[in-house]
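Colleague: I have just opened this one and would like to learn how to read it. Could you take me through some features one at a time?

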Amino acid sequence: MNELLSRAAPLRMRPRVLVPADPRRPHQAPEGTEAVVVGGGIAGISAAVVLAERGVAVTLVEAAPTLGGRLGAWPHTLPDGTEQVVEHGFHAFFRHYYTWRAVLRRIDPQLSFLQPVGGYPVISREWPDEDLTSLPGSPPLNLLALFARSPSLGLRDLLGSNQGLAAQLLAYDRDRTTARFDRMPAAEFLTSLGMSDRAQAMLFEAFARSFFADPGALSAAELIAMFHYYFLGNPEGIAFDSPDTDHLTCIWAPFAEYLQARGAQVLVNSRVSAIAPVDRHLWQVEVDAAPSLRTRHLVLATDPGALRAIVAGSPDMSVAAPKLARRAAAIAVAPPFAVTRLWLDRDVRPERATFNAVSREATLDSVTIYSRLERPSAEWAARTGGSVVELHSYACDAPDADTATARMRAELGALWPETVAAQVVHLQQRMEATAPTWPPGGAGTRPCVTGDARGIRIAGDHVDSPFLTGLMERASVTGVLAANDILDEVGAGPEEIRGIPQRGLLARR
């Protein structure tokens, strides 16, 4: 059976092999094969790991001082002189991220650094919490359980909803869903469902904003796709894990060692400014403050804005690859996201969940109690009697990080009154626009892994993947696909890729 056509169903909810290994082809690349990977985030690391394992001489080039991209982490000195590693913000490692988890097993075969977070509440100052924990993994059982358990959904919502439109959440099909809903804003789709304002706010809007966009600026087709990927078509349910220590310690330092042990060269603080074609199907990669590189196999695994900047600064490449140049220039970058970590002089109430999605606040989208999540923060809290709390705004309209922090802290005080009197011992804040977005009408305009530029592959969570994936998993899958394309060109077999059922329960045959 073609796994791309398989549907989600209660008795068939299992991971699917989307790209099988091919034992008839050599596992190792021919001696002398080399590649340059630009970008040391999830996509670049996934590509580099697969290639280095197959004997490819990999040069990994990263602009930042540390690896990781939006999952990156770096040392930070606290006022008391102690050092603590901080990162861009909380990330959920969902259990159906099969490709990313397979890559992570290279540095920890048992994934022992991951631990269950222990709940997924959506909180609001208007309504009681909505707990999305422990729902069944199979449709329609998960949807029925949601209606049975949810305080935000009632019989009136079920009977009064636009049932034909709601059925589209169970009928995801890449081509049909895109054709019908890509140009519709997600906000319009949610309003048209006809459910109560409470159900929209607590169950759908908070989910939509986690993709770095206001529902009015997100394609309804992407919302339906992600609802299938994370909820209705996912054999693992919506449970997720998180590292028990900082990302630098448990992920990025081990990956650097893993790659170097396999002969890869890892260059940090090395920004690529331009690329250009040269003779014999080679590409020259210009690196600031370092010698240029020449390669036959180039993987551009940067964030979307960096890809756009590299292509804009590469006029010769635009001539050689006009389609890629057009798509890179048109890449949509999400509004800035803001992350503020607060070291408070007291703990929050014990019943607060470790991670909390937030609904209907102007700025605040999530709250994470880091002192209950990871060891370094827990040790600081135990030593001082305080707590470490992180605030996140996914599509932030504040003019700067200070304003975003002030707004988020005020909104946190309305949700958790015990934080109003808490003194901020220290804070660390960031605001940047490096995430992709999926606006209405954007289908077919994004770069694909391969295109009209021979030797260039594109990877990242902004790339149009042939398989349904999301967020970290989209980055990892496109990285492995980029590596597979190089392996195919040199005659080696592909790396296996697994995924969820690619079509919904009610998708037409």
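Colleague: Let's begin with polar contacts. Which side chain joins that of Thr405 in a polar contact of 2.5 Å?

Modeller: The idea is to look for a pair of N or O atoms within 3.5 Å. Here the partner is Gln429, whose side chain lies 2.5 Å from that of Thr405. The side chain of Thr405 also makes a polar contact with that of Thr340, at 2.7 Å. Please keep in mind that this is a predicted model.

Colleague: Where does Thr405 sit, and what does it touch?

Modeller: Thr405 belongs to helix α15, which covers residues 401-415. Setting aside residues up to four places away in sequence, Thr405 touches Thr340, Leu427 and Gln429. Both polar partners, Thr340 and Gln429, are therefore found again in that list of contacts.

Colleague: Is Thr405 buried or exposed?

Modeller: For this we look at relative accessible area, and under 20% means buried. Thr405 has 8%, so it is buried.

Colleague: How should I read a UniProt annotation? Which residues does "binding site" cover?

Modeller: An annotation comes from the record, and it may be inferred rather than shown by experiment. In this case the UniProt entry, which is unreviewed, places "binding site" on Glu62 and Ala63. We can then see what the model has at those positions.

Colleague: Where is Glu62, and what surrounds it?

Modeller: Glu62 is in the loop between β3 (57-61) and β4 (73-77). Beyond residues up to four places away in sequence, Glu62 touches Gly39, Gly40, Gly41, Leu67, Leu267, Val268, Asn269 and Ser270. With Gly40 there is a further detail: the side chain of Glu62 reaches the backbone nitrogen of Gly40 at 2.6 Å.

Colleague: Are Glu62 and Ala63 buried, exposed or partly exposed?

Modeller: Glu62 has 9% relative accessibility, so it counts as buried. Ala63 is also in the loop between β3 and β4, but its relative accessibility is 43%. That value lies between the 20% and 50% cut-offs, which is why Ala63 counts as partly exposed. Leaving aside neighbours within four places in sequence, Ala63 is in contact with Asn269, Ser270 and Arg271. Two of these, Asn269 and Ser270, are on the contact list of Glu62 as well.

Colleague: Now for helix packing. What angle do α1 and α10 make?

Modeller: Helix α1 (residues 42-53) and helix α10 (residues 247-261) pack at about 30 degrees, with their axes 10 Å apart. The pair is therefore roughly parallel, and its crossing is left-handed. On the α1 side the contact is made by Ile42, Ile45, Ala48, Val49, Ala52 and Glu53, and on the α10 side by Trp252, Phe255, Tyr258 and Leu259.

Colleague: And at what angle do α8 and α9 cross?

Modeller: Angles of 65 to 115 degrees count as roughly perpendicular. The axes of α8 and α9 cross at roughly 100 degrees and come within 11 Å, so these two helices are roughly perpendicular to each other. Phe204, Phe207 and Ala208 of α8 meet Leu223, Met226, Phe227 and Tyr230 of α9.

Colleague: What is the phi of Phe212, and where is that residue?

Modeller: Phe212 has a phi near 65 degrees, a positive value in a residue other than glycine. Phe212 lies in the loop between α8 (197-209) and α9 (220-232), and with a relative accessible area of 11% it is buried. Arg360 also has a phi near 65 degrees. Arg360 is in the loop between β17 (355-358) and β18 (366-369), and at 34% relative accessibility it counts as partly exposed.

Definitions and conventions. Residues are numbered from 1 along each chain as its sequence is written. This is a predicted model: local features need pLDDT of at least 70, side-chain atom pairs count only at pLDDT 80 or more; totals for chains, interfaces and linings use all residues. Side-chain values use heavy atoms; hydrogens and water are left out. Helices (H or I, at least four residues) and strands (E, at least two) are DSSP runs, numbered from the N terminus. Buried means under 20% relative accessible area, exposed over 50%, partly exposed in between (1.4 Å probe, protein chains only). A polar contact is a pair of N or O atoms within 3.5 Å; within protein, one must be able to donate a hydrogen and the other to accept it, and residues adjacent in sequence count only if both atoms are side-chain atoms. Contact means heavy atoms within 4.5 Å. Axes are lines fitted to C-alpha atoms, for helices over the stretch in contact, and angles run from 0 to 180 degrees between N-to-C directions. Angles under 35 degrees count as roughly parallel, over 145 as roughly antiparallel, 65 to 115 as roughly perpendicular and the rest as oblique. A crossing is left-handed if the near helix is turned anticlockwise from the far one by less than a right angle, and right-handed if clockwise.
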